[in-house]
Amino acid sequence: MKKLGLCAAVALSLSACAGGINGGTIGNNNQNTIVTQYPVEAAMLNIYTKTRSQSLVATVGNQTASADITITPKGSMVFNNKQVQAAEVNTINKVNNQITDQSVAINYFTLNPLVFHGYTDSSGKYSLATQSTTLPKLATVGSSSQLIAEDVYADRSMRKKIGSYRQGWSLTRDTNNTAWFCVDTSANLLVANDPNGVSSECYKINARGDILDSKVTISQPTNNGTKAIIFTSR
């Protein structure tokens, strides 16, 4: 599953993820009622497989890094000899409002249950994912699980493996009736020190799985330890 393409914007800054976030709310909901379970599969579908756009921004030193991300369903396709569904992830990175990089990736998945199979992107990368668990329809606040093991190759010939990652999810409380649903990606397991670091994409959801807000944290190694860059929605 293609993580949001924010690392390019961060790297450049250090050297000098339905028309915006779906603002869904729960009508006539008692604010004192504590929701303990959330539909994480529905949330994942809303994040990665449905039409959506978001803009994320972070301050890195004296520079502003941003990413404009659009998700567009592409319908039925064939990937790795399987009939799958596809969704395009178009990411435009900017530093100080100047475009520095643009990438287009396509995630491939099947439904009922939701299973991710890999991605391709405009640089030629070819990823194969093995999903180790099924996302639950409902998860209790405090739950977490490993989800995907993913191998990334330089191209579809799969002769050269350039990355190996693990992705998992977690659900933590925000308010009485919202929670943060996070998808965490490990550093590249093929290298001793991954300059891209690790990332955590977090989405504020309600009891329907609507996406209310988002933030992405990228933790990268530096000469002085690890530096965390937090992108927030705007």
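Biologist: What makes R234 count as exposed or buried?

Modeller: Happy to go through that one! In this predicted model, R234 has a relative accessible area of 59%. The cut-off for exposed is over 50%, so R234 is called exposed.

Biologist: Why is the contact of R234 with D68 called a salt bridge?

Modeller: The closest N and O atoms of R234 and D68 are 3.9 Å apart. The rule asks for a Lys or Arg side-chain nitrogen within 4 Å of a carboxyl oxygen of Asp or Glu, so the pair R234 and D68 qualifies as a salt bridge. As for placement, R234 sits in the segment after β14 (225–233) while D68 belongs to strand β3, so this pair ties together parts that are 166 residues apart in sequence.

Biologist: And D68 itself, why is that residue called partly exposed?

Modeller: The relative accessible area of D68 is 24%. Partly exposed covers what falls between the buried limit of under 20% and the exposed limit of over 50%, so D68 is put in that class.

Biologist: Which salt bridge do D68 and K94 form, and what is the N to O distance?

Modeller: Their side chains meet in a salt bridge at 3.5 Å, N to O. With D68 in strand β3 (residues 63–79) and K94 in strand β4 (residues 82–95), the pair ties together parts that are 26 residues apart in sequence.

Biologist: Why does K94 count as buried?

Modeller: Good one to check! K94 has 17% relative accessibility, and buried means under 20%, so K94 is classed as buried.

Biologist: How do you know that D151 and K161 form a salt bridge?

Modeller: Again by distance: their side chains meet at 3.7 Å, N to O. The limit is within 4 Å, so D151 and K161 make a salt bridge. D151 lies in strand β9 (residues 144–153) and K161 in strand β10 (residues 161–175), so parts 10 residues apart in sequence are tied together.

Biologist: What makes D151 and K161 partly exposed?

Modeller: D151 has 23% relative accessibility and K161 has 39%.

Methods:
Residues are numbered from 1 along each chain as its sequence is written. This is a predicted model: local features need pLDDT of at least 70, side-chain atom pairs count only at pLDDT 80 or more; totals for chains, interfaces and linings use all residues. Side-chain values use heavy atoms; hydrogens and water are left out. Helices (H or I, at least four residues) and strands (E, at least two) are DSSP runs, numbered from the N terminus. Buried means under 20% relative accessible area, exposed over 50%, partly exposed in between (1.4 Å probe, protein chains only).
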